[in-house]
Amino acid sequence: MSFETLGLSTELLRAVSEKGYGQPTPVQKQAIPIILEGRDILAGAQTGTGKTAGFTLPLLQRLHTSLQTPASGKAGPRSIRALVLTPTRELAAQVAESVVNYGKYLPLKSAVVFGGVKINPQIQRLRQGVDILVATPGRLLDHVSQGTVNLSNLEILVLDEADRMLDMGFIRDIRKILALLPASGKSGRQNLLFSATFSEEIKQLANGLLHSPAYIEVARRNTAAEIVTQVVHPVDRQRKRELLSYLIGSQDWKQVLVFTRTKHGANRLTQQLEQDGLSAVAIHGNKSQGARTKALHDFKQGKVRILVATDIAARGLDIDQLPHVVNYELPNVAEDYVHRIGRTGRAGNEGEAISLVCVDENKLLRSIEQMINRSITKVVIDGYEPDPSIKPEPISRGRSQQRSGNNKRPSFGKGAQAKNGNTRTSAYPQNQKSRRRTSRSRSAA
Ligand code: AMP
């Protein structure tokens, strides 16, 4: 199936072909025709599936078509007609970039608002009138309280990565935003909800929001041909940094995403790598938005070899063809492991997920292996053999990692199942443990 058969307009097809996409991804094949019909959808799809284009393309087309229809009564000053809510600033920026890219041949205006940067330029931009607003919930509500956004003419609402928004404590903000919107339902607002997993909370949200939704579920893009090789290198706690530098240098890795558990750990590791002569930059919630954007940009451009990130900061990052992801420290929550390794092996490329595991982390490793339903190959690197006399020590938990609650979150269904096999994964296993963050902790990473 080609993009041409999905019913997209020539302007959108032109933008898509300039991106170089040959075929629509499964989520695009399913979602685009349904959204073009004006139906609500509940989609089980996560970053990496091509979901952003899956909702952005038909959204642009619907807005453009109703703009062209004289009877639509849409004449007059621009007002916000489509709102995309995302959990993180980075994802908001990426979605906004997609809106601009795919919509470059259409006369629609868009803007993005998120926290951590000055609000005034956003206000100026909003004053000029926008059709499509991409926003994180907190900053959107700041704008609402200042009277700088008007959502009363909204036609399409997208909740992107809804499960993450709930994890990050945004449910109250989302409910406040929903209360500001015009009625949905037949001939009213169209609602699109994307989530990788479906907890009771998400189901409740979906039930209250969606009207006769079409259900779409797809596996990650890298489940089919994909290839994430996973390996654990057992190593002593004090020698991890040395081993990491050694691996990067000896194997000549050009672009590596490294995960640490805490912001402090990310900073420290970055400094140490720099001391080892490896260019590295950290990305976490204590960095200003400008610094985060620059770090990501430099990494994507290949100006910096290593991006050291905490889990929340890395959410939704879309970095194409990332060959190596390193768990410098295992995450406290097994589900984060799956999100981390999902950063590699994207778009049908091969990827490698390497975990440096010390004696303190054996319990965490076991819970990860239980969750993904297989054991991960262990390879001891010559010269880095763990000292068996070293005793486990408690793992320090950064503030961002402290969880309350431990609700089981069922997976979405068949597309979410892990495949069996020794060193390969299809990356989205069943019965993940979910975590929930309080609203206080949402800026923590
Ligand atoms: P997303 O899941 O929306 O974050 O998209 C993941 C990546 O897939 C992004 O880099 C997109 O640019 C890319 N992508 C989206 N649609 C396609 C397609 N049809 N063919 C190839 N790559 C795509």
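This is a predicted model: local features need pLDDT of at least 70, side-chain atom pairs count only at pLDDT 80 or more; totals for chains, interfaces and linings use all residues.

Me: Which way do the residues of strand β5 point?
Reply: Ile 156 and Val 158 point one way from β5 (residues 156–159), and Leu 157 and Leu 159 the other way. All are buried, meaning 20 or more other C-beta atoms within 10 Å of a residue's own, with 12 or fewer for exposed, partly exposed in between, and C-beta atoms placed from the backbone. Strands (E, at least two residues) and helices (H or I, at least four) are DSSP runs, numbered from the N terminus.

Me: Why would they alternate?
Reply: In a regular strand the side chains alternate between the two faces of the sheet.

Me: Which strand does β2 join, and over how many bridges?
Reply: β2 (residues 82–85) runs parallel to β5, with four bridges. Strands pair if DSSP finds at least two bridges between them. Val 84 stands opposite Val 158.

Me: And what about β6 with β5?
Reply: β6 (residues 190–195) and β5 pair in the parallel sense, over four bridges. Leu 157 has Asn 191 of β6 as its bridge partner.

Me: Switching to helices. How do α14 and α15 cross?
Reply: The axes of α14 (residues 334–341) and α15 (residues 362–372) come within 8 Å and cross at roughly 70 degrees. Axes are lines fitted to C-alpha atoms, for helices over the stretch in contact, with angles from 0 to 180 degrees between N-to-C directions. So α14 is roughly perpendicular to α15, a label for 65 to 115 degrees.

Me: Which residues make the contact?
Reply: From α14, Ala 334, Tyr 337 and Val 338; from α15, Ser 367, Ile 368, Met 371 and Ile 372. Contact means C-beta atoms, placed from the backbone, within 7 Å.

Me: Now Glu 161. Buried or exposed?
Reply: Glu 161 is buried, because it has 24 C-beta neighbours inside 10 Å. Glu 161 sits in the loop between β5 and α7 (162–167). Its phi is positive, about 50 degrees, although it is not a glycine.

Me: What is the phi of Asp 252?
Reply: Near 55 degrees, positive in a residue other than glycine. Asp 252 is in the loop between α10 (240–250) and β9 (256–259). Asp 252 counts as exposed, with 7 C-beta neighbours inside 10 Å.

Technical notes. Residues are numbered from 1 along each chain as its sequence is written. Angles under 35 degrees count as roughly parallel, over 145 as roughly antiparallel, 65 to 115 as roughly perpendicular and the rest as oblique. Two residues are in contact if their C-beta atoms, placed from the backbone, lie within 7 Å.
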